[in-house]
Amino acid sequence: MDEKKRIANERGSSKVGKSSFSWAWELDGTLEERERGITMDIALQTLNTAQREITILDAPGHKDFIPNMISGASQADSALLVVDAATGEFEAGFERGGQTREHLLLVRSLGVSQVIVAVNKLDQVQWEQSRYEEICSLLRPFLVQSGFAPSKAKFIPVGAMGGINLTSREGPEAESLKVWYKGPVLVDLLDALEPPRRNITAPLRFPISNVFKGQGSGIGVSGRVCGGILQAGERLRILPGDESAMVRSIETDEKSAQWAGDGSNVTLYLTDVDPIHLTIGNVLCRSTDIVPLATVFAARLIVFDIQVPITAGSSVELFHHSRDVPASISKLVSILDRASGVVTKTNPRVLTRNTSAEVQITLRAATPSGPSSKAQPIPLETFGVNKEMGRILIRRGGETICAGIVLAIIS
């Protein structure tokens, strides 16, 4: 952040009595976010380190905005989890139903396999090594249980407001930390993250995460390329629907680009299309290789630590990238062994906590009755064909109850 912007944010946040939020204002840009003092939507920012150009997706932590968090996490390669070391604060997030637990389960379920845990606000507990180690000892087994390999989970103590251990450990405030911590700073850990392999030969898939009015006559859409390559000047199909649009230009980090490949977070400016045909959750693809549409599909699920078992016919909310639609778990096909995937029981009556199962999911109409109460299909692909297009999350009553992968599209 440049100095001019930092001073403007500092003045603005002080004026509304939220001076401690001055750094957060760089990514919390809307009036409502600034007034309420919480992140509500996804904000994008880039960071250059010695080895990497990193796109930061700042996702909401508040439970009311989990759908937005899912939208951001589905576009991520790695996770940086910031936990509050203040007494009572970490415990509130980590107890059953806490956001720390849910966020870790969500990012792992969406395919993120690397995580850095920044234990923040240690300056509020006098940089106590025992407090840092207590938090690490509680989180490590939970990370393994959630599916993170121990070698892919790193921990680091930081004091973000004072800039301690972010890029350096200089100054008198860092002396207490230096006594017991000799490891890397946060930027070093970000630099050491392994970029995943990009599948640029796959068919183009571009799920839309945001739609806005562009400059001039065009309309802007942002999202992440989930397979293949797209180029400025080409015409793409919009699914669901029969419409198409021309890609006038491509922007990445506010710089113009001629093309973008798998894994890139980009903004496209489209022409030759009525904005009414572009909504969050639509997928752009080539007319020669169209993404399949589904209303009924088979999926393999991992059930989380739920209180109420899942029965056939359960009404749920299905999340796929930035789209969330009403659905029902219409059939319980089998329960599987979590380690081997072997069927242990067919046609079970219920699914209980921590089980793995194969089910059939049917989309429901957004409006429960009336002549147009037919469920609209959504763009989906099997996990075997495209991992990012084949991952789903299922929520019920404001709680994420399971995550899974698409095995087959039935209709």
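User: How many aromatic pairs does the count come to?

Analyst: In this predicted model, the count comes to 5 aromatic pairs.

User: What makes Phe94 and Phe142 an aromatic pair, and why is the pair called edge-to-face?

Analyst: The ring centres of Phe94 and Phe142 are 5.6 Å apart, and rings pair if their centres lie within 6.5 Å. The planes stand at 85 degrees, and because planes over 60 degrees apart count as edge-to-face, this pair takes that name.

User: Which parts does the pair of Phe94 and Phe142 tie together?

Analyst: Phe94 lies in helix H4 and Phe142 in helix H6, so the pair ties together parts that are 48 residues apart in sequence. Both Phe94 and Phe142 are buried, and ring pairs link Phe90, Phe94 and Phe142 into a cluster.

User: Why does Trp180 count as buried?

Analyst: Buried means under 20% relative accessible area, and Trp180 has 17% relative accessibility, so Trp180 counts as buried. Tyr181, at 10%, counts as buried too.

User: How do you know that the charged end of Arg140 sits over the ring of Phe155?

Analyst: The charged end of Arg140 is 4.7 Å from the centre of the Phe155 ring, and the distance cut-off is within 6 Å, with a further condition of within 35 degrees of the ring normal; the charged end of Arg140 is listed as sitting over that ring.

Conventions. Residues are numbered from 1 along each chain as its sequence is written. This is a predicted model: local features need pLDDT of at least 70, side-chain atom pairs count only at pLDDT 80 or more; totals for chains, interfaces and linings use all residues. Side-chain values use heavy atoms; hydrogens and water are left out. Rings of Phe, Tyr and Trp (its six-membered ring) pair if their centres lie within 6.5 Å; planes under 30 degrees apart count as stacked, over 60 as edge-to-face and the rest as tilted. Helices (H or I, at least four residues) and strands (E, at least two) are DSSP runs, numbered from the N terminus. Buried means under 20% relative accessible area, exposed over 50%, partly exposed in between (1.4 Å probe, protein chains only).
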